[in-house]
Amino acid sequence: MSARATRRAVLAGALGGLLPWAARAQPGGAAIRFGILPIGGTKDSSDVWGPMLAELSRAVGRPIGKMSVTSYDSMEQAIARDEVDMAFLPGRMALDAVTRHGMRVVAQVVRHDGLPGYRATLLARRDGPVPDLAAVLAEPGRWRLARGEKRSLSGFIVPKLELFLPRGIDIETAFRGEIVGTHQRTALAVANNEADLATNNTADFERFALQFPDEAARLRELWQSELVPHGVIVVRGSYDAALRRAIEEFLLSYGRGQGRQADRQRVVLKALHDFAGFLPADNRSLAATAELTRKLDLESARSAEWISEAARQARLRRIEAEYAERMRALK
C-alpha cells in the first residue's frame, strides 16, 4: 500500500465514539466538545483530527463532539458562549481562552523538527512583480496583500510587530488591497495571482507544499520572523482533576513508544501539521505570548494618533495593567 493510501486509511478509520456536532447538545450529555480551527478547508481539518479524538473518547470514557469553525472569530465566539470544552489553539487565542474564559493549558505540541516554535513568513511569486523585501517596505501601496485574521500570530500579529510597524507601515491600510483568510488561502492567493504578497508560516507552508506542490513551487520567501511558540491544547477549567489528568496522560503518550498502535498514531500526528507528539505544559507556557501581545499593543499605541498626550499615556497604562492581569491569571 502506498504512503498516501496508508494515510487515507488511517484518517478514515477508527472513528467510533465521535458524535456529530448537532448530536452532542442533548440535555444531560457528557460529551467533550472539541473545537477545530481550519487548517485548509473546514472538512479537511475535521477529518484529520478524527482518529485521535476517537481514541481519546475511548481513553476517557466520554463521547466527543467535533466543532469545526471557518475562522478565528467563530472559534472565539464559540468559546465565549461556552460551546467548546477542549481545543487546539494558537498562542493568542489560547491566551484569551485562559485569561478571559477560564480554560486551562494541558499540553503543547511538538513538531518533527524539534524546534519550540515556527516562523512567520512573507511570501511572493517567483515570477511576480515584487523584486524583493526592500521594494515592499519602500512602497507598500503598490502591492496587494493576503494576510491572516487579527488573532493569528503568524498571519497578522508577528508580521505587524516585527516587520511592518517598526517601519511605520499599517498592515491593515497601507496595501493596495487585501484578502483575509487561512494560511492555505493566502498562499493560494499569491500563487494564483490574486495577491502579490502573503503572510504565512514555515509549518503551514510545509503542509501547503505537500497538498499543492505546483502552487508552492511558484512561491518564494521574502522574510522570516523570530520563532513563534507552538499552539497548545486547552480544556475547560471546570473539569475535575481526574478527567484533566486522563486527557493529559492520553496526549503525552500518544504516538510514543514502539508497535503497530504507536506507528498508526504517528501517521495521524503527521497529518496534524506534522506533529511529533505532545509535551507537558500549563498556563505558564503562554507567558511569551502575553509578552508578545503587550509589545504589539504598546507599539501600536505609541505610533497611533491621539487627541492628546494624556490620552496616549492613559492607553499605555491600561495596556500595562491588562498585561499584569494576564500574567496573574497565567500563574
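The axes of helix α3 (residues 72-80) and helix α4 (residues 91-101) come within 11 Å and cross at roughly 20°. These values, like the others below, come from a predicted model. Angles under 35 degrees count as roughly parallel, and α3 and α4 are therefore roughly parallel to each other. The crossing of α3 past α4 is right-handed. On the α3 side, the residues in contact are Y72, M75, E76, I79 and A80; on the α4 side they are M93, D96, A97, R100 and H101. Sorted by class, the residues of this contact are 6 nonpolar, 1 polar and 3 charged.

From α4, the contact uses R92, L95, V98, T99 and R100. From α13, it uses R326, A329 and L330. This contact has 4 nonpolar residues, 1 polar residue and 3 charged residues.

Two packed helices are described by the angle between their axes and the distance between the axes.

Another helix, α7, spans residues 183-191 and is mostly covered. Of its 9 residues, 8 are buried, that is, under 20% relative accessible area. The buried residues are H183, Q184, T186, A187, L188, A189, V190 and A191. Just after α7 comes N193, which takes a positive phi of about 65°.

These helices belong to a chain with 13 helices and 12 strands. The chain has 331 residues, and buried residues make up 52% of them. The chain exposes about 14,900 Å², and carbon and sulfur atoms supply 50% of that area. Finally, consider contacts between residues at least 6 apart in sequence: 76% of them join residues at least 24 apart.

Technical notes: Residues numbered from 1 in each chain as written. Predicted model: local features only at pLDDT ≥ 70, side-chain atom pairs only at ≥ 80, totals over all residues. Heavy atoms only, no water. Helix = DSSP H or I, 4+ residues; strand = E, 2+ residues; numbered from the N terminus. Buried < 20%, exposed > 50% of the residue type's maximum accessible area, 1.4 Å probe, protein only. Contact = heavy atoms within 4.5 Å. Areas by Shrake-Rupley, 256 points an atom, 1.4 Å probe, with all protein chains shown as cover. Axes fitted to C-alpha atoms, helices over the stretch in contact; angles between N-to-C directions. Parallel < 35°, antiparallel > 145°, perpendicular 65-115°, else oblique. Left-handed = near helix turned anticlockwise from the far one by under 90°. Nonpolar A, V, L, I, M, F, W, Y, C, P; charged D, E, K, R; others polar.
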